[in-house]
Amino acid sequence: MGKFKMENDRLVVTIDDLGAELVSIYDKKYSRELIWQGDPAWWKRQAPILFPNVGKFYGGEYLYQGRHYVQDQHGFARDYVLERVEESPASVTHRLVSNAETRKVYPFDFELYISYRLKKNVIEVEWGIKNPSEETIYFTIGGHPAIHFAKENETKADYRLYFPEKDHLNYILVDIAEGGADPKKVYEMKLEDGYYPLTEELFERDALIFDENQIEEVWISHKDGTPYVGMKCEGFSNFGIWSVKDAPFVCL
């Protein structure tokens, strides 16, 4: 197990073979780390890939073809060391192949590919799932990158979310007792020129979940509107935003 590093004039990017997780984006221009460094006082992870499930199953298990399978929240890919199958100075691709251990909790054959490409001040991320069998496989996949605030003494009150060309969004919350999203109650997020303030209260009931392809671009911006870190995810049907109380990061 090791780590893969790629660098250009602007960024130094580090990918851990464990989970093919993005563990560092160092901005050379401003001399600052953009990825949360996993302080367990708030959250021990950094930017895990969630596969083959995003979120929890009710009761921690599911039924498939008459058999019960126990599956952890957010799946297992984040806890496996992935093989590097391609690498260059500005890109890397990792692979995870199904095995006897994965089949105990997920009864399908698969090949998971996770690729990162560094282009100027942008990191492109691509996920691929190959089905080597004739049967249908069922999965969800997602990212969970935690963006660290620019300065050590900053809080959520120093930042705003920015959704370009949006005037409002609708979101649902997590039913803590059941572990899944609760679609029965929809909340409206009214935006001011595309902006919404970050607050501790925003995450009192866990993640905010935006369904129906509402978000294809979002930015964490400074309070004065200066962009900090942005994400584009065109074609994604679901988007979550999450943090922990008093923690100096936000997950997109």
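**Cores, strands and salt bridges in a predicted model**

Of the 55 residues in the largest nonpolar core, the ones touching the most other members are Phe163, Met189, Phe210 and Ile241. A nonpolar core here is a set of buried Ala, Val, Leu, Ile, Met, Phe, Trp, Tyr and Cys residues joined through side-chain atoms within 4.5 Å; buried means under 20% relative accessible area, exposed over 50%, and partly exposed in between (1.4 Å probe, protein chains only). Strand β10 (residues 111-119) gives the most to this core, with four residues. Apart from it lies another core, this one of eight residues, including Trp43, Ala146, Ala247 and Phe249.

The model is predicted, so to speak of local features a pLDDT of at least 70 is needed, while side-chain atom pairs count only at pLDDT 80 or more and totals for chains, interfaces and linings use all residues. Residues are numbered from 1 along each chain as its sequence is written, and side-chain values use heavy atoms, with hydrogens and water left out.

Contact is taken as heavy atoms within 4.5 Å.

Now for the strands at the start of the chain. Helices (H or I, at least four residues) and strands (E, at least two) are DSSP runs, numbered from the N terminus, and two strands pair if DSSP finds at least two bridges between them. Strand β2 (residues 11-16) has a neighbour on either count: β1 (residues 3-7) pairs with β2 in the antiparallel sense over five bridges, and β3 (residues 21-27) pairs with β2, also antiparallel, over six bridges. Phenylalanine 4 has isoleucine 15 of β2 as its bridge partner, and aspartate 16 has glutamate 21 of β3. A hairpin of three residues joins β1 to β2.

Threonine 14 counts as buried because its relative accessibility is 11%. Leaving out residues up to four places away in sequence, threonine 14 touches Lys3, Phe4, Lys5, Glu21, Leu22, Val23 and Ser24.

Most residues other than glycine have a negative phi, and most peptide bonds are trans. The peptide bond from phenylalanine 51 to proline 52, however, is cis, with omega near 5 degrees; proline 52 sits in the loop between β5 and β6. Glutamine 65 has a positive phi near 50 degrees, and its place is the loop between β6 and β7 (67-70). Glutamate 212, also not a glycine, has a positive phi of about 65 degrees and is found in the loop between β18 (208-210) and β19 (217-222). With a relative accessible area of 70%, glutamine 65 is exposed; glutamate 212 is exposed with a value of 70%.

As for charged pairs, a search of the whole structure finds 13 salt bridges, a salt bridge being a side-chain nitrogen of Lys or Arg within 4 Å of a carboxyl oxygen of Asp or Glu. Arginine 45 forms one with aspartate 79, the closest N and O atoms being 3.4 Å apart. Arginine 45 lies in the loop between β4 (32-33) and β5 and aspartate 79 in the loop between β7 and β8 (83-88), so the pair ties together parts that are 34 residues apart in sequence. Arginine 45 is buried at 16% relative accessible area, whereas aspartate 79 is partly exposed at 44%.

Arginine 95 and glutamate 83 form another salt bridge, with the closest N and O atoms 2.9 Å apart. This pair links distant parts of the chain, arginine 95 in strand β9 (residues 91-97) and glutamate 83 in strand β8, twelve residues apart. Arginine 95 is partly exposed at 25% relative accessibility, as is glutamate 83 at 41%. Finally, Arg117, Lys119, Glu124 and Glu126 are linked in a network of salt bridges.
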